[in-house]
Amino acid sequence: MDLSELTQAVVNGKRNDAVAGTTAALEAGTEPSTVLDALIAGMEEIGRRWKANEVFVPEVLIAARAMKEAMDVLEPSLIEGGVKPEATMVIGTVKGDLHDIGKNLVAMMWKGANIQVHDAGTNVSPQDFVKAIQESGAKVVGLSALLTTTMPAMKETVEAIRAAGLNDVKIIVGGAPVTQAYADEIGADGYAADAVTAVDKARELIAG
Amino acid sequence: MSERLYYIELAKQGLVMPIGTDLVLQECVDPEAVLNDGEALGKVVADSARRWRSPLAVPLMDLRVEKEALALALGADADAHETYHIDKPVDSQTLTRVMAQITRSPTVRMRATCDGIRYVAGINGLVPIGMCIGPFSFVTKLLADPIMPVFMAGAGSTAEDDPDVALFESVLSLGEKVILAYVQMQIEAGAKAIVVCEPAANIHYLSPKQLEAGADTFERYVMQTNKRLKALLDKHDVDLIFHNCGELTDDMVRRFGELDPAIISLGSSRVLWEDSKLLPDDIVMYGNLPSKRFYSDDAVSPEQVAAMSSELVAKMAEVGRPYILGTECDVLSVKGAEQTIRGKVRVMMGCGAASGCRCAG
């Protein structure tokens, strides 16, 4: 089977084609990990196009939806075959902030990069971030804030994570008002200006 | 169009002002209590206008008021309205009940906003201004996933064949009715202009690629709803001040000009003197210093604020556009960065044409 068609189905956000292609590939005996690679390639391509301003958030979301539905079909085979996610990460919007588009985009791009994502939601307290990290065993956490008024909560969350002794957990921050300088100031390990960069940054931090 | 020449004259006089009511509010002993007290809120709005030496009494840019009212009317818990999402289309019976509740028993916040407008209307020399969220931006706050249905509608799906599109269009229609009712209340309270905040009508919610390919979603979901809102304002001789600090395409800016606002306020991602070419000559442009980054001198320094202010004033004069130097959005008070932010607002205030442009830049 030509897996490039499966990759294109994800790129074009054709969820029915992505599901049908995944099913057909598995039925044809293709290794689940190979099918997964084809799907990830689709998300990487959509990420590249986004960064190049060739597509926009809606196209990314539609691609991520196709990826997710294909993954629902693929996941049992991956588990059976012992294929594990690259890493587990926690993501959430900090306390006082209810915005979720940026957070959702990063979560989708991470999932599309074979990362298991624990989405803590919006308006997440520092204590709830700590709890989510401890419960999931995540090695990376993403903190999002859209409002300047909620950025101090980002600093409080970084402090709470460190105070809980989670010194090995890497913290990535992002959101419209956030800058690399602010990330440095509050002691975060990384800053991502957009969801595609968040994938690169997460991989970089995992690799150590 | 009641006071078009008035705004143009203000611009010609070199008015400079932030959208800075929140800065004044946060100086109060109990800001939260002020939000629920019409007279106290009116005083804050009036004090803010005086602080910035402006006759325009701009209210708080709080885009949660309408959602609270709608969520409560739909049965959301009082402490959960901010996270409330509508998950099924609203039937006509519910619509009638919700609208009756909102119009007969406006929320405390709605009443306070209207009482604040009444308070300002009683002060000579101030223009009482109301505020509402734009219909498209409202629906993005009411749905868990507002982007997908807009994209699907742009790809040809209809309410008949896609439940997500049906939900979006149902909630958009409901939201528009709530906004119109709230604006009507503010007009009856004495508002002479209404700031319509439509920040979500941007490239993140509406794909430029899809729009360029011919999708009519911007027209149907953004323009038509805002045109009906403008018609209500026109009916009462109330001016439109249109605000959108989102990332926009040139065509989006041009289309917003078709709403015929007295003033248009755009975000810092736009180059105002270039956008001037996209808009009719009698629209006053406002903005667009990057106030969302005022919290940090690393993100934007006072010297940069001065230089940007100077450039804006000079370039807008060059293109001959009536222009008010200001901020890209409401300047919010950030805990721990209050003085940093206020310092930059002061720098901006010293940079207007009327002040002789004392900037270093």
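This is a predicted model: local features need pLDDT of at least 70, side-chain atom pairs count only at pLDDT 80 or more; totals for chains, interfaces and linings use all residues.
Reader: Is Ile161(A) buried or exposed?
Author: Ile161(A) sits in helix α7 of chain A. Its C-beta atom has 23 others within 10 Å, and the cut-off for burial is 20 or more. Ile161(A) is therefore buried.

Reader: Which residues is Ile161(A) in contact with, leaving aside its neighbours within four places in sequence?
Author: Contact here asks for C-beta atoms within 7 Å. With those sequence neighbours set aside, the partners of Ile161(A) are Phe129(A), Val130(A), Ile133(A), Val141(A), Leu166(A), Val169(A) and Ile171(A).

Reader: What do the buried residues of α7(A) pack against?
Author: Good one to follow up with. The buried residues of α7(A) are Met151(A), Ala153(A), Met154(A), Lys155(A), Thr157(A), Val158(A) and Ile161(A). They pack against these elements of chain A: β1 (87-94), α6 (126-136), β3 (140-144), β4 (170-174) and α8 (180-186).

Reader: How far apart are the end C-alpha atoms of helix α7 of chain A?
Author: Let's start from what to expect. Helix α7 of chain A has 13 residues, so at 1.5 Å a residue it should span 18 Å. The model agrees with this, as the end C-alpha atoms are separated by 19 Å.

Reader: Which element gives the largest share of the side of chain A that touches chain B?
Author: The contact takes 20 residues from chain A and 22 residues from chain B. On the chain A side, two or more residues come from each of α4 (57-80), α7 and α8. The largest share, six residues, is given by α4(A).

Notes: Residues are numbered from 1 along each chain as its sequence is written. Chains are lettered from A and ligands numbered from 1 in the order in which they are written. Helices (H or I, at least four residues) and strands (E, at least two) are DSSP runs, numbered from the N terminus. The expected span of a helix is 1.5 Å times one less than its number of residues. A residue is buried if 20 or more other C-beta atoms lie within 10 Å of its own, exposed if 12 or fewer, and partly exposed in between; C-beta atoms are placed from the backbone. Two residues are in contact if their C-beta atoms, placed from the backbone, lie within 7 Å.
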